[in-house]
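This report covers one predicted model. Please keep the sequence and the coordinates open while reading.

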Amino acid sequence: MMGRFRMNTKLATGAIATAMFLLTACAAGSDEEVTSVSIQKDGTVLSHIVEEFEQSYYDQEELQQAILKEAAEYNKAAGNGRINVEKINVDGGVATVRMVYQNAGDYAGFNHVVFFAGTASDAQEEHELNVVLSGVKDTNDTLSKADILAMEGYKILITDIKEPVYLDGRAEYISDNVTAANDRKSVWISGAGQGYVLYK
């Protein structure tokens, strides 16, 4: 899972998925301070990773080469430009990595996670929509699968990642395992299972 580096295993294992330990990320702090994912207006996905970095085990060059190799291999298979590594930096024992994915599907495929952002009609082709969503403003306002599919002009986020996700809109309805920030611009899974967010 490239987007969720694990720092408790040496990079020498060759698996980026186990290279860094997920820094617990909550709603507090900006997306520049914690690991987060942002869905952009143009459909691209920005992954901002902030992790503790034990330099006794790793160095920046080793980390950089491992990340670039994984990204290059993905681009070779999926198509050039699907993933762009914008920044890799280690400072004060903290590693910061910024990566841009062409779309939500590339983020999901590269990181081996569930991550869909698009229309409900497109989502139902690969994801189960038999869920009940509650209004962020009014929890008594609920939607079933049929209601979700009928909501024109809305997008749905389906994911199992624990990092905060910044939306290209505002959360209107969420599953019971999801929490929305006060401004409804970001959400995060606060319970077990996949989270669902209907936003506009």
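The sections below take up the basis of the model, a sheet, a helix, a strand and the nonpolar cores.

## Basis

The model is predicted, with local features requiring pLDDT of at least 70 and side-chain atom pairs counted only at pLDDT 80 or more, whereas totals for chains, interfaces and linings use all residues. Residues are numbered from 1 along each chain as its sequence is written, and side-chain values use heavy atoms, with hydrogens and water left out.

## The seven-stranded sheet

Seven strands form an open sheet of mixed pairing, in the order E3-E4-E2-E1-E9-E12-E11. Strands are DSSP runs of E of at least two residues, and helices are runs of H or I of at least four, numbered from the N terminus; two strands pair if DSSP finds at least two bridges between them. E3 (83–91) and E11 (178–180) are the edge strands, each with a single partner, so one side of each has no neighbour in the sheet.

E3 pairs with E4 (residues 94–101) in the antiparallel sense over eight bridges. Asp-91 is opposite Val-94 in E4.

## Helix H1

H1 (residues 60–78) packs on the sheet and touches E3 and E4, its direction making about 170° with that of E3. Contact means heavy atoms within 4.5 Å; axes are lines fitted to C-alpha atoms, for helices over the stretch in contact, and angles run from 0 to 180 degrees between N-to-C directions.

The buried residues of H1 include Leu-63, Ala-66, Ile-67, Ala-71, Tyr-74 and Asn-75. They cover an arc of only 165° around the axis, which puts them on the same side of H1; the arc is that of the directions from the helix axis to the C-beta atoms. Glu-61, Lys-69, Lys-76 and Ala-77 are exposed on the face turned away from that buried side. Buried means under 20% relative accessible area, exposed over 50%, and partly exposed in between (1.4 Å probe, protein chains only). The cover over the buried residues of H1 includes E3, E4 and H2.

## Strand E13 and the cores

All five residues of E13 (residues 195–199) are buried, so the strand is largely enclosed by the rest of the structure. Gly-195, Val-197 and Tyr-199 point one way, and Tyr-196 and Leu-198 the other. E13 runs antiparallel to E8 (residues 155–159), with five bridges, and antiparallel to E10 (residues 171–174), with three.

The largest nonpolar core has 35 residues; Val-197 is among those touching the most other members. Such a core is a set of buried Ala, Val, Leu, Ile, Met, Phe, Trp, Tyr and Cys residues joined through side-chain atoms within 4.5 Å. Another core, of 15 residues, lies apart from it and includes Leu-198.
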